[in-house]
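Please examine the sequence and the three-dimensional model shown below. The report after them is intended for reading alongside both.

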Amino acid sequence: MQDKKIAFFGTPDFTVDFLELFKSIGLNVELVVTGEDKPHGRGMQIKSPGPRVWGDTNRVKVLQPKRLDQEFIEKLKEIKPHLFLSVPAYWEKIYNLMQTTDKTDMKKSFDLVTGGRLTFG
């Protein structure tokens with residue numbers, strides 16, 4: 001699996017934990033597709049989504065398409081990913097719930113899948 005190119009789709013900041021997990025187990029995230037930089041806070045300073053920051057830090061190509069149009073498809077074809085991974089937005093709710101509840105049973109399930117590499121809280 002380490003030799004396969006992965007395209008990761010996600011915008012919420014919590015998805016960086018998944019990118020770190022993929023990196024720690026040697027998966028080759030070749031592309032990060034995330035939302036656009038947006039104004040944030042009182043001063044409306046432009047803020048990049050967490051996955052973009054992670055991509056820039058880890059020298060991974062980042063795309064922030066306004067729409068999934070033909071131009072985006074052509075850029076995706078250039079990368080030729082073998083696998084597409086995404087963290088659906090509803091996982092953010094589950095992730096946040098895991099931060100505030102007894103995690104014993106859920107952690108056991110995640111440990112089976114991740115080999116204990118993903119930590120919560």
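## Basis of the description

The model is predicted: local features require pLDDT of at least 70 and side-chain atom pairs count only at pLDDT 80 or more, whereas totals for chains, interfaces and linings use all residues. Residues are numbered from 1 along each chain as its sequence is written, and side-chain values use heavy atoms, with hydrogens and water left out.

## Overall fold

The protein chain contains 5 helices and 6 strands. Helices (H or I, at least four residues) and strands (E, at least two) are DSSP runs numbered from the N terminus. Along the sequence, these elements follow the pattern β-α-β-β-β-α-β-α-β-α-α.

Of the 121 residues in the protein chain, 31% count as buried. Here, buried means under 20% relative accessible area, exposed means over 50%, and partly exposed lies in between (1.4 Å probe, protein chains only). The protein chain exposes about 8,000 Å², of which carbon and sulfur atoms supply 54%. Accessible areas come from the Shrake-Rupley method with a 1.4 Å probe, and for residues only the protein chains shown count as cover.

Contact means heavy atoms within 4.5 Å. Among contacts in the protein chain between residues at least 6 apart in sequence, 64% join residues at least 24 apart.

An open sheet is formed by 4 strands in the order β5-β2-β1-β6, with parallel pairing. Two strands pair if DSSP finds at least two bridges between them. Strands β5 and β6 (83-86) stand at the edges with a single partner strand each, so one side of each has no neighbour in the sheet. From one strand to the next, the twist averages 30°.

Strands β1 and β6 run parallel and are joined by 4 bridges. Phe8 stands opposite Leu85 in β6. Helix α3 (residues 70-79) lies across β1, β2, β5 and β6, and runs at about 170° to β2. Axes are lines fitted to C-alpha atoms, for helices over the stretch in contact, and angles run from 0 to 180 degrees between N-to-C directions.

Val62 belongs to strand β5 (residues 61-63). Leaving aside neighbours within four places in sequence, Val62 is in contact with Leu31, Val32, Thr34, Arg52, Gly55 and Asp56.

A nonpolar core is a set of buried Ala, Val, Leu, Ile, Met, Phe, Trp, Tyr and Cys residues joined through side-chain atoms within 4.5 Å. The largest such core has 15 residues, of which Phe8, Leu19, Phe22, Val29, Val32 and Trp54 touch the most other members. The elements giving two or more residues to this core are β1 (5-9), α1 and β2 (28-33). Helix α1 gives the most, with 5 residues.

Apart from residues up to four places away in sequence, Leu19 touches Phe8, Val29, Val32, Pro51 and Trp54. A second, separate core of 7 residues includes Leu31, Val33, Leu76 and Ile79.

In α1, the residues Thr15, Val16, Phe18, Leu19, Leu21 and Phe22 are buried. Thr15 is located in helix α1 (residues 15-24) and counts as buried because its relative accessibility is 0%. A polar atom of the Thr15 side chain lies 2.6 Å from the backbone oxygen of Pro12. Beyond neighbours within four places in sequence, Thr15 is in contact with Phe8, Gly10, Pro51 and Val87.

## Loop residues with positive phi

| Residue | Loop | Phi |
|---|---|---|
| Gly26 | between α1 and β2 | about 85° |
| Met44 | between β3 (38-40) and β4 (45-47) | about 50° |
| Lys80 | between α3 and β6 | about 55° |

Met44 takes a positive phi although it is not a glycine, and Lys80 likewise has a positive phi without being a glycine. Gly26 is partly exposed, with a relative accessible area of 31%, whereas Lys80 counts as exposed at 59% relative accessibility.

## Separations across the chain

Gly26 and Asp3, 23 residues apart in sequence, are 9.2 Å apart in space, C-alpha to C-alpha.

Terms used. Polar contact = N/O pair within 3.5 Å; in protein donor to acceptor, adjacent residues only side chain to side chain.
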